Amino acid sequence: MRRKWISTGVLFATLGGFSGCANTSRVEPLATPESRGGTSSHGESATGLSSTPNSLPACRPIRSVKESQNTSIQLVDDRSRGTEDAMPLVPAPNAVLDAKTENLSVEMVPEAVPSDAIQMNLPTVLSMIGGQHPVVGFARWRVQEAYAELDRARVLWLPSIQPGFSYHKHDGNYQASDGDIVDVNRNSLQYGLGAGATGAGTTNTRPGLIAQFHLADAIFQPEIAEKTAWARGHAASGVLNDQLRDAALAYQNLLDAEQDLRIIEDTRSRTADLAKITNDYAEAGEGLQADADRLKTELMLVDNRLVSARERIEVASANLAQTLSIDAGRPIVPLDPTVMPLELATLDAEPSALIPIGLSNRPELKEAQALVAAACERYQREKYAPLVPSLLMGFSTGDFGGGLGTEVDDVASRYDFDAVVTWEIRQLGFGESAARRESQALVEQAKYAKLRTMDRVAREIVEAHSQVRHRRHRIEITRQAIETAEDSYERNLSRIEDGQGLPLEVLQSVQALEDARRAYLRAVIEYNEAQFRLQWALGWPVDSTNHF
């Protein structure tokens with residue numbers, strides 16, 4: 001019976017703290033990079049992993065393909081993994097052929113790790129996605145902005161405080177209350193809670209305590225702001241899920257590039273040996289110089305592929321560094337010695353059974369539901385707006401005095417209170433009708449956007465499930481292709497050593513072996529990518545106790 005290939009508890013032990021944005025409570029910014037167990041934005045090394053050179057051998061003994069078919073995968077720190085768990089995906093570049101056996105034996109020669117390299121494995125990569133990441137942090141602070149708007153909406157009822165003082169000076173004609181025009185030179189001064197009184201006027205221009213709002217806003221705006229804050233929180237969870245997926249895929253891409261380089265290096269080693277044999281035959285007159293030139297050309301073409309492979313590693317490292325928001329100038333070295341198929345969940349369930357899981361877990365659906373609720377609250381606000389008034393209340397108190405010329409006399413206390421209640425029917429009622437139709441249209445848009453999101457989530461689940469199922473078959477097919485290619489190489493090389501056959505026959509076997517190994521590598525990488533996409537499509541439901 002085939003064993004399950006991964007301990008999900010190890011892989012997702014770091015994911016428990018990332019789901020807080022999905023609920024309706026406030027989402028606080030995460031702690032500093034040092035407190036989350038990873039590096040800072042430009043930290044020295046990954047969580048608990050040494051970044052010193054030569055801390056891990058770059059190659060390990062490998063077994064035959066048949067011996068490794070049931071190899072289990074444990075996503076743990078590779079320094080504690082036994083060499084017997086290594087997969088025969090790619091032999092190390094310094095592999096040599098033992099003519100007495102059918103397998104490759106690998107000399108244990110550690111490759112030098114750059115002194116400034118950052119070494120990490122998949123759990124470390126996932127643990128570094130948190131609140132200090134610029135994309136995730138931006139989303140988290142948008143949540144804080146939404147909750148600040150909610151707090152502001154909840155206090156619309158409360159008045160504002162405006163203390164101050166005012167001074168008024170008049171010189172010239174003035175109309176008295178009895179209608180007479182008099183030439184007067186006077187002034188007035190007020191200070192205290194409120195400012196702006198002139199003569200017998202009120203301080204309504206700058207009341208000391210002022211409350212001015214539409215009652216519909218005070219009733220409905222807190223509900224609108226609350227639903228909007230919920231939507232922002234779920235959106236932040238969605239951003240976090242996307243970053244986890246992108247980080248996992250970027251790490252797989254780096255592993256792919258590293259293993260591809262090993263395959264090409266092994267091909268170069270075999271091609272160089274074959275070129276030497278062919279050249280020796282040509283010099284001894286037992287072979288054609290054309291064959292020797294053909295092998296030299298092939299060797300240069302392999303060198304060209306080596307340069308491209310090294311370039312791809314550097315680009316993949318920079319891409320992973322950007323995804324993790326760490327120093328892109330320092331190379332990232334995977335701790336995994338080889339690429340192995342990951343089994344994050346069984347595929348016994350049909351896509352139709354997985355779709356409800358994704359619909360209940362995906363934060364995008366929860367965000368869409370909250371946006372529908374917010375749109376409904378806006379519609380209610382527009383519906384009742386003409387029926388409830390706008391309020392303006394002001395209260396001022398302080399000392400007031402004045403006199404003729406520049407003298408200020410008779411300073412004594414005074415207070416003013418004003419209250420204004422008004423109803424507004426916009427544009428003779430036509431504006432009200434248009435506002436209600438507009439808000440109703442926004443409700444319907446939000447509902448259809450939710451349905452569109454549901455369809456997209458269902459499609460992503462079915463698509464990822466199909467990819468996982470079919471790509472798993474590709475792994476077995478390409479694994480068998482490696483076996484046949486190795487057998488072909490062995491037989492052709494033996495014929496050359498026995499003085500039979502042509503060197504080009506061995507070259508074709510070398511190329512076929514490289515093609516088979518690269519096909520297996522791509523099959524495993526794409527299978528792992530499909531596994532991560534399926535988990536993302538389901539809302540990362542994996543935990544340490546069950547698989548769906």
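Which loop holds the place of Val408? That residue sits in the loop between β9 (390-404) and β10 (409-422). Keep in mind as you look around that this is a predicted model.

**The aromatic pair**
- If you search the whole structure, you find one aromatic pair.
- Its partners are Phe220 and Tyr384, and their ring centres are 6.1 Å apart with the planes at 10°, so this pair is stacked.
- The pair links distant parts of the chain: Phe220 belongs to helix α4 (residues 215-283) and Tyr384 to helix α7 (residues 363-384), which puts them 164 residues apart.
- Phe220 has 14% relative accessibility, so it counts as buried.
- Tyr384 comes in at 34% relative accessibility, so this residue counts as partly exposed.

**Charges sitting over rings**
- Take a look at Arg270: its charged end sits over the ring of Tyr489, 4.5 Å from the ring's centre.
- Arg362 has its charged end over the ring of Trp536, and here the distance to the centre is 4.4 Å.

- Is Val408 buried or partly exposed? Its relative accessible area is 33%, so Val408 is partly exposed.

Terms used:
Residues numbered from 1 in each chain as written. Predicted model: local features only at pLDDT ≥ 70, side-chain atom pairs only at ≥ 80, totals over all residues. Heavy atoms only, no water. Phe/Tyr/Trp six-rings, centres within 6.5 Å; stacked < 30°, edge-to-face > 60°. Helix = DSSP H or I, 4+ residues; strand = E, 2+ residues; numbered from the N terminus. Buried < 20%, exposed > 50% of the residue type's maximum accessible area, 1.4 Å probe, protein only. Lys NZ or Arg CZ within 6 Å of the ring centre and 35° of its normal.
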